[in-house]
Amino acid sequence: MMNARHTSSVAALVFALSAPVDLAAQNLALPSIESASSSRPNSVVLTWEEAPQVAGRDYGNFYYGSWDPDSSSTVTVDGDYAGDCDSRVRITRKPQDSGIGLVTEVFVEYFDQTAGTGFPVTAETLSTRYAETGYALNSEYGTGLSVRFSSNVHQPTTGLGGGLVTVRGLCTTSYPYADYQIVALNTVASLADTLQVLVTGPLPEEATIPEETLELSITAAGDAYAIMDGMEISLQEGPVSSGETAIWSANYLFPPTGKVDFDVEALAGYHIWRSDLPDLDSFTLLGEIIPCASRYTFADVDSSSMLSLDYDPAIRSFHLEDRNIHRDFPYKYRVTVFDLGFLGNEQNEVYEGISPATEVLYPGRDSRVQSMEAFVVPNPYMGSAPWEEGEAKVVFTNLPPTCDIQVFSVSAELVATFSHGPGNPRSTSPTTVAWNLETDRGEAIAPGVYLYRIEGILEDGADFGQTGKMVIAR
């Protein structure tokens, strides 16, 4: 576990409290504290998974240059961006000659800022063949991110004889709109008779469009045959007559001289909040985690908070330990995500994700100290205790895992009976149970000296019994 880093500048933390906007309205996944436990008598450990960076976010920053985006394929980004900082991904088409069985190659560049300026931090070439298929982006850059393209091929409206013609793939044409055709060269009763076809494209609508032809022998229904410009074609069963023709069209994937930019935005970080007495519903900011600076850096608001942070990259989980607390005092915690200028909004706008708070926690020992007896605190009780939550309370501590407690007056009259153990609402830790200084009839006890008897079972199964005395002064 790495030690907390203290900071003397908390301007960003104070600012973040000024006008938070609920990130839930942005459909962003929020962190949820998986566990909150007292690993030591004066310590609380919080565990939560890293919040998905991309879930629910919108990619609207596509740039097509001077081309009409309505005539091209659409680009969709899927997955979870695991980067630490806001970044830009740029996709451009690689120049390709027309040919048989091509795949579409795109060049992907990664920039360490959303301006997309300067040299990319890394780049790669993706070979894409099919529409609506996710192609994974650089795993070192953005684990879980993939890009997919919508089909730029429009199916023929007519088939060949009784069989439909199906064209698949991502066409590599550089023209905004291009036609292709398939023509039957012989007559067959079925495809098993071997249909000879001629595929031509792009059709010569203007002199600058090259034209290629390909003769195929179709021997079975449904078989896919590679044709020009990165497409493949298949036919369904049926009789075909010589000269029958089917025509389809294709748009460019996206402008060959244009580019597609999209931003992947990391959350600015996490805020850690804690509430304590006198108001458990009023939370105070303890500090923040800023992943872009370092996943392992925790900036404290107050250096006396004594927090330390551990991050497990294998399971993308945070563990935060708070040691500046008091045993048996109540606390609640909350972890929120925050962002500045969320999705390109104004930089003076703070977006804060409101996540659920923990249940009330009472730090205490996980197991009793065998060398010590059970005891009551405070003893004597002088009219109030500093940990009280609106009612009188003393705590029996250093108890065995399960036990029953009886309270008697000095004249041996039974005053109250209660139990300690897992699931008991009075038990505030594995070794402590609270008593509200009321009789079994719900009446406040009078000042005086009281005796108590504890009977239970130790961890090793042995019987436990102890008698003690406490003083109540109101």
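Is R168 buried, exposed or partly exposed? R168 is partly exposed, at a relative accessible area of 31%. Here, buried means under 20% relative accessible area, exposed means over 50%, and partly exposed lies in between, with a 1.4 Å probe and protein chains only.

Some ground rules. This is a predicted model: local features need pLDDT of at least 70, side-chain atom pairs count only at pLDDT 80 or more, and totals for chains, interfaces and linings use all residues. Residues are numbered from 1 along each chain as its sequence is written, and side-chain values use heavy atoms, with hydrogens and water left out.

Salt bridges next. The criterion is a side-chain nitrogen of Lys or Arg within 4 Å of a carboxyl oxygen of Asp or Glu. By that rule there are 12 salt bridges. Take D261 with R88: their closest N and O atoms are 3.6 Å apart. D261 sits in strand β19 (residues 260-264) and R88 in strand β6 (residues 87-93), so this pair ties together parts 173 residues apart in sequence. Strands, by the way, are DSSP E runs of at least two residues, and helices are H or I runs of at least four, numbered from the N terminus. Both D261 and R88 are buried.

Back to R168. Its salt-bridge partner is E232, with the closest N and O atoms 3.1 Å apart. E232 is in strand β17 (residues 231-235) and R168 in strand β12 (residues 165-169), 64 residues apart. E232 counts as buried, because its relative accessibility is 9%.

R441 and E443 also meet in a salt bridge, at 3.6 Å from N to O. R441 counts as exposed at 65%; E443 is partly exposed at 43%. Then there is a network: salt bridges link D78, E132 and R148.

A412 is another non-glycine with positive phi, near 70°. A412 is in the loop between β29 (402-409) and β30 (414-420), and counts as exposed at 58% relative accessibility.

Now cis peptides. G201 and P202 are joined by one, with omega about -15°. P202 is in the loop between β14 (195-201) and β15. The bond from V377 to P378 is also cis, omega near -10°. P378 is in the loop between β27 (375-377) and β28 (394-397).

β14 and β15 bring us to a sheet. Five strands form an open, antiparallel sheet in the order β11-β18-β13-β14-β15. Its edge strands, β11 (153-154) and β15 (212-218), each pair on one side only. Pairing takes at least two DSSP bridges between two strands. Two bridges join β11 to β18 (residues 245-250). In β18, S249 is the bridge partner of H154.

Last, the rings. Phe, Tyr and Trp rings (the six-membered one for Trp) pair if their centres lie within 6.5 Å; planes under 30 degrees apart are stacked, over 60 edge-to-face, the rest tilted. The whole structure holds nine aromatic pairs. Y311 and F318 make a tilted one: 4.8 Å centre to centre, 50° between planes. Both Y311 and F318 are buried. Ring pairs link W48, Y270, Y311 and F318 into a cluster.
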